[in-house]
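We will go from stop to stop.

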Amino acid sequence: MKPSTRVMSIFAVVLLAVGAAGQGIRSVAPNGTGLSNERLDRINAVMKEHVAQGHIAGAIGLIARRGKVGYFETYGFQDKEAGVSMRKDTIFRMYSMTKPITGVAVMLLYEEGKFYLSDPVSKYLPELANMKVAVVETDPQTGKKTRYSVPAQREITILDLLRHTSGIDYRGPADAEGKFIYEKLGTNSTDQTIGEMVKKISQAPLVHQPGTMWEYGLSMDVLARLVEVVSGKPYDKFLEERIFKPLGMVDTGYTVPAEKASRFSKLYAPADGGTIKLNTTPAQSSYLKPAVNFGGGSQSVSTASDYLRFCQMLLNGGELDGVRLLSRKTVELMTSDHLGEMPRGGLLPKGYGFGFTMAVGHSAGKTGVIGSAGEYFWGGAAGTRFWIDPKEQMIGIFMIQILPHTNLTYGTQFRQLAYQAISD
């Protein structure tokens, strides 16, 4: 039996039991994973203290290694006010953990020869041709800003979108009054289709010349529209047919159906003294009604078990349970650093490059955090995060729902405690 086949068999027999909704993945003892029981207990102690101190309502931690789940625990509540405990099949808002799924969707079509990564995206989305780029000049004497736009030096390519070098960010440039253009256009509204969103993006200048700087933004939403146009299918249907159903991701999508609403986590927000309070923004309930915007950069919901299946497919080189989504070489392409020395905006940590929709780590000496060269990761706005470490054959998933999550480090702490549990 080939090594990849053996790993797949272990994963199928020991780890996966997806059948009826809510069953998900069975946790097993860490025997064979090289994880220490005693050291794993440190995670429980830390997270339970966070719950006791009111820092978090609840969370989930999952660690898989060598095709086995070595740790799968819940902490606290999915609904603190109602006293509903966190469940292993609790459904979470994934926000930007939607982006790696979009990367896979694009590469499925790439493998079918539908386009080249060097293609201008305007070949398929003509509204994005002849883009302008915003320029801001500041008078050194008066500090007065002059704003104007110039033609883009080249077209946005599909590669630019995959690695966030398109010049499309989340706000767009500021206008003459200093107001961000995307806000005026309603570009980020979820009450519109992604086709309508892309048309609004095309009406604003880019914030950088394409291919010159990494800047996080709406590139993944443009890619979702690309998938729709090239495949001829609505984006949510494409994901369901080509990724979610083949991988057995039974709780992943853009809407939480009524029969699963009892498993949907409440959304919290930071409060005084390092505590949390209920987040009462529309994001709290919007997922319980049919979605309009099937965003490639956010908007999806999932569970820890479902997302593990997606991660294990990538770690296995594109295959899970005998179902191959991608070639091993395509996964290698996706998880390589495509930035090099290119300048980058915020969010990308020190020592990390960027592949196709995921950050890619260099050596621990460059990142300054525990891990391995070649590991890749990303996270969501409400604190969810994952990482995949090919060298250690390790996957970590942390689920929490606090929005905004700026400057909160619970996921980072979970990662640190996960790595220290390796004992072989």
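A cavity is a set of points, on a 1 Å grid over the protein atoms alone, where a 1.4 Å probe fits but cannot get out; lining residues have an atom within 4 Å of a point. This is a predicted model: local features need pLDDT of at least 70, side-chain atom pairs count only at pLDDT 80 or more, and totals for chains, interfaces and linings use all residues. Residues are numbered from 1 along each chain as its sequence is written, and side-chain values use heavy atoms, with hydrogens and water left out.

**Stop one: the cavity.** Select A57, G58, F77, M86, F92, S265, K266, Y268, I400, Q401 and I402. They line the largest cavity. It holds about 50 Å³ of space, the volume being the space filled by probe spheres set on the grid points, which are joined across faces, edges and corners.

**Stop two: a ring pair.** The structure holds 16 aromatic pairs (rings of Phe, Tyr and Trp, its six-membered ring, with centres within 6.5 Å; planes under 30 degrees apart are stacked, over 60 edge-to-face, the rest tilted). Now select F264 and Y287. Their pair is edge-to-face, 6.1 Å centre to centre with 65° between the planes. F264 is buried at 9% relative accessible area, and Y287 is buried at 4%. Buried means under 20% relative accessible area, with a 1.4 Å probe and protein chains only.

**Stop three: a ring cluster.** Select Y170, W214, Y216, Y352, F354, F377 and W378. Ring pairs link them into a cluster.

**Stop four: charge over ring.** Select K88 and F72. The charged end of K88 sits over the ring of F72, 5.0 Å from its centre. Here NZ of Lys or CZ of Arg must be within 6 Å of the ring centre and within 35 degrees of the ring normal.

How values were computed:
1 Å grid on protein atoms, 1.4 Å probe; cavity = no way out; pocket = protein on both sides within 12 Å on 5 of 7 lines; lining within 4 Å. Buried < 20%, exposed > 50% of the residue type's maximum accessible area, 1.4 Å probe, protein only.
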